[in-house]
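Visitor: I have not looked at this one before. Can you walk me through it?

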Amino acid sequence: MASHIPNLNTLRRGRGRGRGTSRTEEAGLPSGKDRIVQGTDNDASVSRLSAVELGYLEDVYAASLTPAGSATRRLPIINRGTYARTTAIDQLVARFLGPFSPENTHKKQIISLGAGSDTRVFRLLSSRQTPDFVYHELDFAVNTAEKIRAIRSAPLLQRALGIDSSQASSEKDTRITVSEAGDALHSPSYHVHPVDLRSLSTCSDPAGALPGVDTGLPTLLISECCLVYLSPTEAEQVVAFFTQRLFGHGHPLSGPGDILQEARVNVPPLGLILYEPIRPNDAFGRTMVSNLAARGIQLKTLARYASLEAQRDRFQDQGFGDGQAAADIEFIWKKWVNEDEKERVAGLEMLDEMEEWQLLARHYCIAWGWRDRDDVLAFAGWKDLQAQQGE
């Protein structure tokens, strides 16, 4: 490690795993199936690096968070899908955060479920002059430990967190703590939590389960192919943990209008972005499910939320009553990407499989929903995108 970069191994260490976290074995669930799900993060990081190296995306952090020796050039349709997925979610996140302003003292909060090797936090931290948000990542301990190891070994990632030679002895550096197990990290703007999401519904202390989460801040949840691996009941319980227990203060956020109105006064704005497969019942969908099953991967919520309409209903049912929207990746490519950018992307590599691209893009979607007090409008930037959704 470069001598001018403080060694994260020497930074102040916090206590161990913290309340509310649990390893797979502690949850009494099959560790083999969980390892398969954990391994899907490697697929995502390799796809991201492929898209970056070919010029689809700009992301200087992708290589640092991709396992050494695993870089592989993906098919053109995969690269284009990675581009569309990433830029669409980036747009939703940017609209939630709003334009950066040094005068803005009102922070917001992002919680990424099953974040794995995702680079979004580093890209956001480096693109805004001073952090005007707090970012939390939740994942299995094996994945969070791997990410923290990457941070320890990559000065580039450390600099994104604000650790550099001019701050080597500053208070900011000493406030970065790593757990004794090496699977949790806490800093003023970035927190990594080793959590099996299934354990959240049974924890007795919701606030203590996720140290550093501010239950009063406008908050955005992100799930990129995460909740789809849980059963429908488990996925609902994870969302309910945030909508009702952590950010709902016990209020039911669905039901008669008078109850809902009473709840709105006492809860912070909250939004959710999902990226998931859809349409499993046509020929392409059946093949997709079969191919994943051959690898031991089960998409447990897919049958329940198989269409764009079902995804929108899901948000309504789970408390996001101020707005819900969903669009497949084909629609997002056509409507959210301007013509100049389409031309640039199309020129990066030959895409012969146009029919295959359309089929693939129709079978993945981004869905988003929000609840927002009228006096806050944290998700005002999402309202115009509500009209830009698929059928």
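Guide: What follows is a short talk about salt bridges.
Guide: This is a predicted model, where local features need pLDDT of at least 70, side-chain atom pairs count only at pLDDT 80 or more, and totals for chains, interfaces and linings use all residues. Residues are numbered from 1 along each chain as its sequence is written, and side-chain values use heavy atoms, with hydrogens and water left out.

Visitor: How many salt bridges does the structure hold?
Guide: There are 20. A salt bridge here is a side-chain nitrogen of Lys or Arg within 4 Å of a carboxyl oxygen of Asp or Glu.

Visitor: OK, what does Arg-295 form a salt bridge with?
Guide: Its partner is Asp-43, with 2.5 Å between the closest N and O atoms. Arg-295 sits in the loop between helix 11 (283-294) and helix 12 (308-317), while Asp-43 belongs to helix 2 (residues 31-53), so the pair ties together parts that are 252 residues apart in sequence. Helices are DSSP runs of H or I, at least four residues, numbered from the N terminus.

Visitor: And is Arg-295 buried, exposed or partly exposed?
Guide: Arg-295 is partly exposed, at 48% relative accessible area. Asp-43 is also partly exposed, at 26%. Buried means under 20% relative accessible area, exposed over 50%, and partly exposed in between (1.4 Å probe, protein chains only).

Visitor: Different spot. What about Asp-132 and Arg-128?
Guide: They form a salt bridge, the closest N and O atoms being 2.8 Å apart. Both Asp-132 and Arg-128 are buried.

Visitor: Which residues are joined into one network?
Guide: Salt bridges with shared partners link Asp-59, Arg-85, Asp-90, Asp-118, Arg-120, Arg-123 and Glu-224. Within it, Arg-120 and Asp-118 meet at 3.6 Å, N to O, and both are buried.

Definitions and conventions:
Helix = DSSP H or I, 4+ residues; strand = E, 2+ residues; numbered from the N terminus.
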